[in-house]
Amino acid sequence: MRKVKIGAHTYEVREVEDHFESGDLGQCDYAEQVIMITKGLKPEQYFAILLHEAMEVMNTSMRHDILDSLAEQIAQFLLDNKLICLKKL
Ligand SMILES: [Zn+2]
């Protein structure tokens, strides 16, 4: 089971079979400190969604369209410039 530290908190990351009603590929339960990500995503999709959910924890008041765009672009920037290796995820 993957755990990620976000600020002072440790979140469990779970891959889940179910799709979310919202149509999103990820969701965060702040009270339980669990990030849920749809199972079966491509590694780069998984990484972008994980980054999205982590950024949402870091700043819960950021506009969602900005968050979506930033998470996607930061993930791509890190991958394209080989600043992160998907094999280690
Ligand atoms: Zn979101």
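Visitor: Helix H1 (residues 43-58) lies across E1, E2, E3 and strand E4 (34-38); at about what angle does H1 run to E3?
Guide: This is a predicted model, in which local features need pLDDT of at least 70, side-chain atom pairs count only at pLDDT 80 or more, and totals for chains, interfaces and linings use all residues. Residues are numbered from 1 along each chain as its sequence is written. Helices (H or I, at least four residues) and strands (E, at least two) are DSSP runs numbered from the N terminus, and axes are lines fitted to C-alpha atoms, for helices over the stretch in contact, with angles from 0 to 180 degrees between N-to-C directions. Relative to E3, H1 runs at about 35°.

Visitor: What is the strand order of the sheet?
Guide: Two strands pair if DSSP finds at least two bridges between them. Strands E1 (2-6) and E3 (26-29) each pair on one side only and are the edge strands. The twist from one strand to the next averages 25°. The sheet is open, with four strands in mixed pairing, and its order is E1-E2-E4-E3.

Visitor: Which residue in E2 stands opposite Val-4?
Guide: E1 and strand E2 (residues 9-16) are antiparallel over five bridges. They form a hairpin with two residues between them, and Gly-7 in the turn has a positive phi of about 60°. Lys-3 has Glu-12 as its bridge partner in E2. Opposite Val-4 stands Tyr-11.

Visitor: How many nonpolar residues does the contact of H1 with H2 have?
Guide: Residues are in contact if their C-beta atoms, placed from the backbone, lie within 7 Å; Phe-47 and Leu-51 are among those of H1, and Leu-67 and Ile-74 among those of H2. Ala, Val, Leu, Ile, Met, Phe, Trp, Tyr, Cys and Pro count as nonpolar, Asp, Glu, Lys and Arg as charged, and the others, Gly among them, as polar. The contact has one polar and four charged residues, and its nonpolar residues number 10.

Definitions and conventions: Contact = placed C-beta atoms within 7 Å.
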